[in-house]
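My notes follow in the order in which I took them.

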Amino acid sequence: MLDKAAYENFPVAPFFVPRAWRQDLMAVYGYARLVDDIGDGDLAPGGRDAELLGLDREQSDDRPAMLDAFEADLRRVFDHGGTGPRHPLLMRLRPTVRRCGLTPEPFLGLIEANRQDQRVRRYETYADLLAYCELSANPVGRLVLGITGTASPERIRRSDAVCTALQIVEHIQDVAEDLRRDRVYLPAEDLRRFRVAVPDLARPTASASVRALVAFEAERAGRLLNEGTPLVGSVHGRLKLLLAGFVGGGRAALRAVAAAGHDVLPGPPKPTRLSMLRAVGATLRREG
């Protein structure tokens, strides 16, 4: 829930969360963001990150090599007998991992999702997209539960639904931006169903067919959010408010998409702060 799908629509570590949580949430956020920046080729120029990971500065643009080196450094976080990681961000992550008893699997999933982004540009089926979200989104929700000490099989199941929904919301909002990276996350089977071709997604505004396709994917995301919403009612205190923020942020984003007539091609429709607060309040009333 702290990957791009979440932090674009709701603050990562709002003021009301306990200081200890905020520190750990920001450590996980920093990790997720850096992995995405490596995978997207958005690292700061100069090659400093490559050097920190033991590579030549010129290898900064070699995304597979960078992801491999980053994974090797991540594994040093969990090697209690070694010298520890090299990258400062992973150094900051290490205390969080130890304090919260976090396991490597969620962190490795995020790396694997970015590896997949290097070789997979299209998704044939909705099931294929869900499998991608299992790597790209669900791990971070599980990390939130781990940080707050609230993980259980049922909460993980609900969290996965919320995280996948938020990832799909992001894909809906960013259709045009993703296409500029030669990525299409809308399933090909759905494009055919609505008689949409990939070039249709590059137009300045959406045709009726594209709008219908986006509305269909938005409805799916809404159902997933509803499936995951009982997670909010299963916890208490500030965590309830934090999780309601993620769910409410997703709902507000979907309302913004609907308010734009499901035309996402001119740019990502974004919810207003007021609409987000209203959605959070509605989520709390429903689940409180």
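Entry 1, α6 against α7. I listed the contacts (heavy atoms within 4.5 Å) and found Gly109, Leu110, Glu112, Ala113, Gln116 and Asp117 of α6 meeting Tyr132, Leu135 and Ser136 of α7. By class I have four nonpolar, three polar and two charged residues in this contact. I count Ala, Val, Leu, Ile, Met, Phe, Trp, Tyr, Cys and Pro as nonpolar, Asp, Glu, Lys and Arg as charged, and the others, Gly among them, as polar. The axes of α6 and α7 (residues 126–136) come within 7 Å and cross at roughly 135°. I take axes as lines fitted to C-alpha atoms, for helices over the stretch in contact, with angles from 0 to 180 degrees between N-to-C directions. α6 is therefore oblique to α7; angles under 35 degrees count as roughly parallel, over 145 as roughly antiparallel, 65 to 115 as roughly perpendicular and the rest as oblique.

Source notes. The model is predicted, and local features need pLDDT of at least 70, side-chain atom pairs pLDDT 80 or more, while totals for chains, interfaces and linings use all residues. Residues are numbered from 1 along each chain as its sequence is written, and side-chain values use heavy atoms, with hydrogens and water left out.

I found the axes of α2 (residues 19–40) and α6 (residues 104–119) coming within 9 Å and crossing at roughly 20°. The two helices are therefore roughly parallel to each other. From α2, Tyr31, Ala32, Val35, Asp36 and Gly39 meet Phe107, Leu108, Leu110, Ile111, Asn114 and Gln118 of α6. I sorted the residues of this contact into seven nonpolar, three polar and one charged.

Gly149 follows α8 and has a positive phi, near 65°.

I counted 15 helices and zero strands, both being DSSP runs numbered from the N terminus (helices H or I, at least four residues; strands E, at least two). Buried residues make up 57% of the 288 residues. The C-alpha trace spans about 60 × 45 × 30 Å along its principal axes.

Technical notes: Buried means under 20% relative accessible area, exposed over 50%, partly exposed in between (1.4 Å probe, protein chains only).
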